[in-house]
Amino acid sequence: MYKQNLGKLDRIFRFVLGAWWISSWAPQFSPLWVNWVIFVVGWIALIESFLGWCWLHDLLHINNK
């Protein structure tokens with residue numbers, strides 16, 4: 001399937017960032033599409049923090065574990 005490639009600190013950072021960006025305290029901008037991009041990236045960061053795997057790290061052969 002996949003092998004974890006995120007270290008503990010990276011996973012904590014992604015969890016905090018993801019939780020912040022999907023909460024009501026997320027930064028708000030006038031173009032609505034920017035807010036949706038922030039929301040989607042927040043969910044991606046949150047999911048990656050639980051899985052411990054990042055597709056971009058895998059693509060670039062980066063292993064922080």
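**First stop: His61**

Select His61: its relative accessibility is 73%, so it counts as exposed (buried means under 20% relative accessible area, exposed over 50% and partly exposed in between, with a 1.4 Å probe and protein chains only). You'll find His61 in the segment after α3 (55–59). Check its backbone too: phi is positive, about 55°, although His61 is not a glycine.

Before moving on, some housekeeping. This is a predicted model, where local features need pLDDT of at least 70, side-chain atom pairs count only at pLDDT 80 or more, and totals for chains, interfaces and linings use all residues. Residues are numbered from 1 along each chain as its sequence is written, and side-chain values use heavy atoms, with hydrogens and water left out.

**Zoom out**

Now show the entire protein chain. How many helices and strands are there in the protein chain? Three helices and zero strands, running α-α-α from the N terminus on. (Helices are DSSP runs of H or I with at least four residues, strands are E runs of at least two, and both are numbered from the N terminus.) Along the principal axes, the C-alpha atoms fill a box of roughly 40 × 20 × 15 Å.

Of the 65 residues, 26% count as buried. Take the contacts with a separation of 6 or more: residues 24 or more positions apart account for 69% of them (contact means heavy atoms within 4.5 Å).

**Where α1 meets α2**

Colour α1 (residues 8–21) and α2 (residues 32–51) separately. They pack at an angle of about 145°, with axes 7 Å apart (axes are lines fitted to C-alpha atoms, for helices over the stretch in contact, and angles run from 0 to 180 degrees between N-to-C directions). From α1, the contact is made by Arg11, Arg14, Phe15, Gly18, Ala19 and Trp21, while the α2 side includes Ile38, Phe39, Gly42, Ala45 and Glu48.

**A charged trio**

Side chains of opposite charge can pair when their charged atoms come close. The count here comes to two salt bridges (a side-chain nitrogen of Lys or Arg within 4 Å of a carboxyl oxygen of Asp or Glu).

Start with Asp10 and Arg14, whose closest N and O atoms are 3.1 Å apart. Asp10 and Arg14 sit four residues apart in helix α1, so about one helical turn separates them. Next, look at Glu48 and Arg14, with their closest N and O atoms 2.4 Å apart. Glu48 lies in helix α2 and Arg14 in helix α1, so this pair ties together parts that are 34 residues apart in sequence. Shared partners join Asp10, Arg14 and Glu48 into one network.

Are these side chains buried or exposed? Asp10 and Arg14 are both buried; Arg14 has a relative accessible area of 14%. Glu48 is buried as well, at 8%.

**Along α2**

Select Asn35, in helix α2. Asn35 counts as buried because its relative accessibility is 15%. Not counting residues up to four places away in sequence, Asn35 touches Pro27, Gln28 and Phe29.

Now jump to Leu51, also in α2, which counts as partly exposed at 33% relative accessibility. Leaving aside neighbours within four places, Leu51 is in contact with Tyr2, Gln4 and Arg11.

Gly52 is buried, with a relative accessible area of 0%. Draw a distance from Gly52 to Arg14: they are 38 residues apart along the chain, with C-alpha atoms separated by 9.8 Å.

**Last stop: a nonpolar patch**

Select Tyr2, Leu32, Trp36, Phe39, Val40, Trp43, Ile44, Ile47 and Leu51. Together they form a nonpolar patch on the surface, with about 860 Å² of accessible area. (Patches are made of residues with over 30% relative accessible area and no salt bridge; like charges are joined within 9 Å, and nonpolar side chains (Val, Leu, Ile, Met, Phe, Trp, Tyr) within 5 Å.) Finish on Leu32, which is exposed, with a relative accessible area of 56%.

How values were computed
Accessible areas come from the Shrake-Rupley method with a 1.4 Å probe; for residues, only the protein chains shown count as cover.
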